[in-house]
Each structure stands twice: as C-alpha cells, then as structure tokens.
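The following exercises are to be worked with the sequence and the model side by side. Each task is followed by a solution in steps.

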Amino acid sequence: MEIFSRLFDQLSTFTTIFLGVFIEAAPFLLLGTLASGFVEVFFDKDSLARIIPRNRVGGAIVGSLLGLFFPVCECGVVPLTRRLMKKGMPLSAGVTFLMAAPAFNPIVIASTAAAFGVGRVLFLRMLLTAIIAIITGLIFSMQKNPQELLLPIEMDIHQEPQIVAPLMERVRQALIIASDEFFEMGRYMIFGIVIAAGMQTLVPQTWMLSVASGPVISVLALMALAIVLSICSTVDAFIALSFVGTFTTGSILAFLVFGPMVDIKSAIMFMGVFRKRGVTYLVLLPFVLTVLATVFINLNTSW
Amino acid sequence: MNGVKGMKGMISSLHPLHPLHPLQNNMSLRSYRSFQALVLAAIGIFLLEKIWSGTLFWYINQRYLILIFATGIGFLALAQTILASRQKKDEHADHDHHHKQTYSRWNLVIIALPVILGVIIPQRPLGTAAIANKGMNTNAPLTVNGAATSLELASTDRTVLDWIRAYNYESDVTKFDGQKANVIGFVYHDSRLAKDEFLVGRFALNCCVADATAIGMIVKSEKSASFADNSWVRVAGTVSAAEIDGKKIPSITAEEIDKVSEPEQPYLYP
C-alpha cells in the first residue's frame, strides 16, 4: 500500500504542476492566437512589406524590435510568427522576431525592471537577446532554400480578406481563426507541459541549484532549469531574482536570455512551424550563443 | 448546410491518406465545430470554477486573478462565436481550409486534457511529496523592497517567508535571538534534522506551482514525532539561529504547537 500512496502523491504533484503551468500559459497563448487572427484579417501583405526591409540585416534588426509592438511571450509568439511569415515576412525577420519578442517587449522590460531595477541586468538581458536573435535570424536566412527548414504553410485558396466586409464580420472571422489556432498550437503546448511537469515530478532539481559558482557549470545549470521550468517569459525575472547572491551574474543572464527563446513547451511548439532541422537550429544556435556570451561575462567581469 | 456539403464534396476527392479523408479518423466540419465550442466552453467554465471555489490559488499567484477571469470569459465568448458560425451557411471554408489537419477527434481530446485531468484526479495543493524533487531552499526569493517590509513587522506577525527573508537580509542573525515567533506551515521531517526537530514549511511561489520552492524554519519540540508530514500546524515559541548545510536558518524552540486546518491560500508570495 505504501507504493500506491507514493504513486498517488506523484500523480497528484504532476497534475498540480501540469494545471499550474497550463492555467498560467493559456491566457498568453490565447492572446497570441488572437493577435494572429487579427493580423490575418486586418493586415494586408502590402502594409507588412512597407514595415520590413527586404535585405537580410535590415529585416533581422526590425524583427528584433517588433516585439515592442507585439508584446507576446514564448507561447503566443509561435502562432503570430507563423502568421506574419505567411503574410510575407522574410525568414530572417521571422526567426529574429520568434527569438527576440518573448523577452524584448514592454511587459518583460517592465517586469525585469521591477525585479532587478533599471541597471545592467536589464540592459544586458535586452542587448544579448537582440544580438543572439539577430545572429540566429541571419544564419537562417543564409539557407538557400527556406522550405527545407519550414513546414509548408498551406496557401489560402481565397484572396485577401475583403476590405468591404463589415467590421463585426471581420472581427468574427478573426475570432474563428484564433480559436482554430488555439487548438492547433495548443496541442503542442499541452504536450510540452506534460513533459515539463513530468520532469519536475520525477527529476530532482536540487542538483541544479547546488552548482552555483563555477563560471561554466552555473550557466549550464540555470539554462537546464529554464528549459525544465518552462515558465512564461513575462514573469521569469522574479524567479531569476531568487538566484542572485548564490549564482553567478552570467548564469542569471543565461536564464533570462535563453529561457524565453527555448524551453520544453516552446521547442515542441516550434515543431508546428519548422521542419526537424529547423527546430534543431532554433534550439542549438541560441544555446551555443548564450553559453558563449554569458561565460565570457563570468570570466571577464567581477560582478 | 451548403458549406458542409461543399466540404464533403471536396473531402471525397482526397487521397485516402490525406488527414481530412473520411478514413482518417476525422469528422465533418459541423460536428467538429460543435465539439470545438464544447471544449472552449469547458476550459472557460473550468477556469471560472477554480476562481469561484478558491482553488485557483493552489496553482498560481493571486496576482493573476483578473487575467484568469478575463481568459475564462474570453473562452466562453469564443465558444459562443464558434457555435454561432456553425449555423451560418456561408461558413468560411476558405479560412478553415488551411486548418484542416486539425479536424481530428484526438486534437479535441488533447486540448480538453487539462479539464479531463482536473476532473478525474482529486485536486490538492503542493505538499511535502513535492519537496523530494524541488528541494528545501534555504535561499528565499528576495524582492527589492521585500526584506525591509519583513523586518518592520512585529516578530509574531512574520510568516515563514518573512523570517527566512529577514535571515537572508541581516548579516548578524543573532539579533533575532529571543524574539517570539508565531507561524503557520506544514510539517516536514527533514532527514538532516535531529529526532526532536522538524521543519515548519511553506511553498513560496512567484508565478505558478512550477517555480514553487519549499522554505522552512526548524522547530524544536519533544513531540516532533507525533506530527505527521504534510499536516498543518501553528507553532509559537522563541527564535534562535541554527544551521542546515552551513546556511543559517531560524529555529523555533516550541512552547505551543496546535494542529490547524490548511489555510485558504496555502502558498506565500514573495
């Protein structure tokens, strides 16, 4: 009977964590799919083309800043990116937006400032996010044939939404698209949350917290924690705050920069947009770049 | 009905392995829409019920109350929109076209999974069972102004979190020695403690239970063994400094320990 009660305890802990992450993430996924639905109905290709420069570097830089106007976290950014790329956003800008927007946006800037104050953690978080996102976007754009990285985005058989449709009708269309997209992206998210909650129930996290001081190992430990926790980027600054004093500054930055780009649930959601090779790049490039940047900070500063 | 007939005509011309082909475990657009509305409404009601019953705070920080309320209403509004669109005969098959891979029963089940789990598995807040993985954290999360507020409180008004924060903030923790403490928490017999000791613990969380960390104060009492893990107690006594793994944490020499029922908000928010 002992083993049953232990199994039940674990199942109960799993369900509590699963529902906790779901309840916290669902509003943000819904906001992302609503944004996507309204972009589909109210934005035409021409207006997007006016904003985004055609050349790669310009596209990537604009992509990294676009989060300031679309404040989405790492759940909502995936459907929105797919929608924008379907509307003709170039790959370099799309990937940069996907990587940068979850951290480089007004909500996260505010929450980071609230947690750490306006100082070097806030400044470096945004700077590193932008740089790593731009490099990742540029590497993607060097791919000769983007279709090898992207899942086919099925073309609509219909023309652009009729401008003549009355406002309420267009809002209704946007809501239907948002619901469909919630179901489409939601299944990836829920699958990711199941894995994240399972790992949190079964894999001890204490070891991750016991390697706080090595310049390299501390970075890897907090990045692993960011992946496993899969916490929304809008609130991760408050969690990072609890590592100050024990963990190196570089590792805290790694948590704040890499976490919004890649975690279990967002990586699984990438699979709804990119081919396997594309998903691999999207996970590995930010990983390597974040390790390089933050270990460099650990070794060369005395913060 | 024309729209649905149109879909059916299109479906029958598809390759048998195509996801929308009738052989592929799919349903008609109209019935898919009905179930989609049902699942959206179920999620909305699920969230609102959590707020209504007060169990929302078993999962997330109280500061999300309004966001979750708005989301619950939002899901109900979407359900209503989907339900209404079902009756319109000019269903926008064009928009649905590129989502056709999602019209499967399994997709509906996956999205409904949180509600299904929430209904069939008895719910309760995180307990001591979770400490095995999450560990007992001796470094409480500090917010910028938090420590100062904790110090201003009368010693008997401090929560477990306030005490841990005060200990992290002050370099000389002996200044707290002799102060009276009166805290509520769950009982946890940590293997690092002596027989006549246990921890009175709480989970502190910023965002949701995923980032919950267990924090605790040592309680010294001869009756330690008579309190079961995960039961809730109120401990009153005198504070002195103790150590676990080289880290100073507060210890209470208990004068009084009462069993209490679990508080409505089981977690503390830094």
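**Exercise 1. Strand pairing in chain B**

Which residue in β2(B) is the bridge partner of Y188(B)?

Solution. The structure is a predicted model.
- Step 1. The bridge partner of Y188(B) in β2(B) is L199(B).
- Step 2. Strand β1(B) and strand β2 (residues 197–204) of chain B run antiparallel and are joined by three bridges.
- Step 3. Strand β1 (residues 180–188) of chain B is also joined to strand β4 (residues 232–244) of chain B, here by seven bridges, and this pair is likewise antiparallel.

**Exercise 2. The order of elements**

Determine how many helices and strands chain B contains, and in what order they occur.

Solution. 
- Step 1. Chain B has eight helices and six strands.
- Step 2. Read from the N terminus, the order is α-α-α-α-α-α-α-α-β-β-β-β-β-β.
- Step 3. Among contacts in chain B with a separation of 6 or more, 70% link residues 24 or more positions apart.

**Exercise 3. A helix of chain A**

Is helix α5 (residues 91–100) of chain A largely enclosed or open?

Solution. 
- Step 1. The buried residues of α5(A) include L91(A), G94(A), F97(A) and A100(A).
- Step 2. In total, 10 of the 10 residues are buried, so the helix is largely enclosed by the rest of the structure.
- Step 3. Its buried residues pack against α3 (56–65), α4 (77–86), α7 (120–141), α12 (249–261) and α14 (276–300) of chain A.

**Exercise 4. Confidence**

Decide which parts of chain B call for caution.

Solution. 
- Step 1. The mean pLDDT of chain B is 81, with 79% of its residues at 70 or more.
- Step 2. Among its elements, β1(B) has the highest mean pLDDT (95) and helix α1 (residues 2–12) of chain B the lowest (42).
- Step 3. Residues 1–13 of chain B have pLDDT below 50, although this stretch has 16 contacts beyond near neighbours in sequence in the model.
- Step 4. Where pLDDT is low, predicted coordinates should not be read in detail.

Definitions and conventions
Residues numbered from 1 in each chain as written. Chains lettered and ligands numbered in written order. Predicted model: local features only at pLDDT ≥ 70, side-chain atom pairs only at ≥ 80, totals over all residues. Helix = DSSP H or I, 4+ residues; strand = E, 2+ residues; numbered from the N terminus. Contact = placed C-beta atoms within 7 Å. Pairing = 2+ DSSP bridges. Buried ≥ 20, exposed ≤ 12 C-beta atoms within 10 Å, placed from the backbone. pLDDT = per-residue confidence, 0-100.
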